[in-house]
Amino acid sequence: MRAFLAVDVDSTLNYEIQKVQKELKKTAAPLKMVEPENLHFTFKFFGEISSTQTEKIIQITQDKLEKYKSFPLNIKGTGVFPNMGYMRVIWLGVEEPEQFSQLQRDLDQEFVKMGFKKERSYIPHLTIARVKGPRNKEILAETVQKLESIEIGPMTLEKITLKKSELTPVGPIYTDIQQFFI
């Protein structure tokens, strides 16, 4: 199965996130918005994994999370990947991401030992839209910059979920495989 580890966004923040998406839509740029039920921070994308790998990922994640306690994070600011000149993904960030990033690095270290590729420079981000072409790129860039310090709100990181991703013509379908509480 195609799988990844994710932190789901607190649903109480969906309204604020949708307000940002509405602002982006006003640019009339070709965007595919992420549906509210699919909003998440990707912790680690594995790609295709076997049932043996799945079991090992579950064990590693459970073991590592025993050392952590839940912690607050504040969703704030917009950004793009790979850069403003060539936008493919529009995301919301995390204010003071140190704890979030440390947890991700801790887990990633173990997954590298399993043979997965090390994350280069991990930036905690919540994808809210994918850019599907260059139309109205300048207006879109201006809007993203205007929103670069927008405050979405706080949530608590108290669980990480291993998810299965099925790609369909209408978009991805995510299924929770295992939840890990911190």
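Because the model is predicted, local features need pLDDT of at least 70 and side-chain atom pairs count only at pLDDT 80 or more, while totals for chains, interfaces and linings use all residues. Residues are numbered from 1 along each chain as its sequence is written, and side-chain values use heavy atoms, with hydrogens and water left out.

Helices (H or I, at least four residues) and strands (E, at least two) are DSSP runs numbered from the N terminus. Helix α2, residues 51–65, contains 15 residues. From its first C-alpha to its last it reaches 21 Å, close to the 21 Å expected at 1.5 Å a residue; the expected span is 1.5 Å times one less than the number of residues. The buried residues of α2 are Thr54, Ile57, Ile58, Ile60, Thr61, Lys64 and Leu65. Here buried means under 20% relative accessible area, exposed means over 50%, and partly exposed lies in between, with a 1.4 Å probe and protein chains only. The cover over these residues includes β1 (2–8), β3 (40–48), α3, β8 (159–168) and β9 (171–181).

Strand β1, one of the elements that cover α2, is itself mostly covered, with five of its seven residues buried. Strands count as paired if DSSP finds at least two bridges between them. β1 pairs with β3 in the antiparallel sense over seven bridges, and valine 7 has phenylalanine 41 of β3 as its bridge partner.

Rings of Phe, Tyr and Trp (its six-membered ring) pair if their centres lie within 6.5 Å; planes under 30 degrees apart count as stacked, over 60 as edge-to-face and the rest as tilted. A search of the whole structure finds eight aromatic pairs. One of them is stacked: phenylalanine 100 and tyrosine 122 lie 6.4 Å centre to centre, with 5° between the planes. This pair links distant parts of the chain, 22 residues apart, since phenylalanine 100 belongs to helix α3 and tyrosine 122 to the loop between α3 and β6 (125–131). Both phenylalanine 100 and tyrosine 122 are buried. Ring pairs link Phe41, Phe43, Phe100 and Tyr122 into a cluster.

In helix α4 (residues 137–146) stands threonine 143, which is buried with a relative accessible area of 8%. Leaving aside neighbours within four places in sequence, threonine 143 is in contact (heavy atoms within 4.5 Å) with Glu23, Leu24 and Thr27.

The backbone exceptions remain. Most residues other than glycine have a negative phi, and most peptide bonds are trans. Alanine 28, in the loop between α1 (14–25) and β2 (31–33), has a positive phi near 60°. Alanine 28 is partly exposed, at a relative accessible area of 38%. Glutamate 96, with phi near 50°, lies in the loop between β5 (86–95) and α3 (98–113) and counts as exposed at 65% relative accessibility. The peptide bond from phenylalanine 81 to proline 82 is cis, with omega near -10°, and proline 82 is placed in strand β4 (residues 71–83).
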